[in-house]
Amino acid sequence: MHSTDQKVEELITKATDMLEKAYVPYSHFPVGAALLTKDGEIFSGCNIENASFGLTNCAERTAIFKAVSEGKKVFDYLVVTGDTDGPISPCGACRQVLAEFCGPDMPVLLTNNKGNKQLTTVSELLPGAFKSEDMV
Ligand SMILES: O=c1ccn([C@H]2C[C@H](O)[C@@H](CO)O2)c(=O)[nH]1
Ligand SMILES: [Zn+2]
């Protein structure tokens, strides 16, 4: 097995483990994410809901914000998983946050607990994302 494949397997395992940590009393829809930093560290995240529904933080953003708050800002790979029929689809807010912190070509593996997989990239998830360069 290629070392990258091994890292992806580790990311899938960690994202799946996060399904148990999800705080989802309203949707009962747990989501897990695992983000690989350039220096090989993994930051995982789950969705965290709130009685004021709009305050909910998705799994992807939890993982990204955990990493950024620990000083990590260069990322190589993201895995997202959930109990969906096909590969899970990140929401628009998470796609925009991904575009902020991850390069356009960074791979994102969308999967589920049945083993369905869709490999995509940050720019495929949000073509034409609004970026800091647009503020001129
Ligand atoms: O990619 C996704 C899609 C949805 N959710 C969460 C938000 C909310 O808690 C629940 C239902 O939308 O799933 C995520 O965390 N990531
Ligand atoms: Zn989201």
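In this predicted model, the side chains of E10 and K7 meet in a salt bridge, with 3.7 Å from N to O. Both residues belong to helix α1, which spans residues 3-17, and they are three residues apart, about one turn of the helix. E10 has a relative accessible area of 31% and is therefore partly exposed; K7, at 26%, also counts as partly exposed. The pair is part of a network of salt bridges that links K7, E10 and K14.

The whole structure holds five salt bridges. One of them joins K72 and D39 at 3.2 Å, N to O. This pair links distant parts of the chain: K72 sits in the loop between α2 and β3 (75-82), D39 in the loop between β1 (31-37) and β2, and the two are 33 residues apart. D39 counts as exposed because its relative accessibility is 56%.

Another salt bridge is formed by D83 and K114, whose closest N and O atoms are 3.6 Å apart. D83 lies in the loop between β3 and α3 (92-101) and K114 in the loop between β4 (107-111) and β5 (117-121), so the pair ties together parts that are 31 residues apart in sequence. With a relative accessible area of 47%, D83 is partly exposed.

The zinc ion (ligand 2) is coordinated by the SG atoms of C58, C91 and C94, at 2.2 to 2.4 Å. The spacing of these donor residues in sequence is C-x32-C-x2-C. C94 is buried, at 1% relative accessibility, whereas C91, at 31%, is partly exposed.

On the surface, Y23, Y26, I48 and F53 form a nonpolar patch with about 430 Å² of accessible area together. I48 is placed in the loop between β2 (42-46) and α2 (59-69), and its 39% relative accessibility makes it partly exposed.

Technical notes
Residues numbered from 1 in each chain as written. Chains lettered and ligands numbered in written order. Predicted model: local features only at pLDDT ≥ 70, side-chain atom pairs only at ≥ 80, totals over all residues. Heavy atoms only, no water. Patch = residues over 30% accessible without salt bridge, like charges linked within 9 Å, V, L, I, M, F, W, Y side chains within 5 Å. Areas by Shrake-Rupley, 256 points an atom, 1.4 Å probe, with all protein chains shown as cover. Salt bridge = Lys/Arg side-chain N within 4 Å of Asp/Glu carboxyl O. Helix = DSSP H or I, 4+ residues; strand = E, 2+ residues; numbered from the N terminus. Buried < 20%, exposed > 50% of the residue type's maximum accessible area, 1.4 Å probe, protein only. Donors = N, O, S within 2.8 Å, 3.2 Å for Na, K, Ca; no water.
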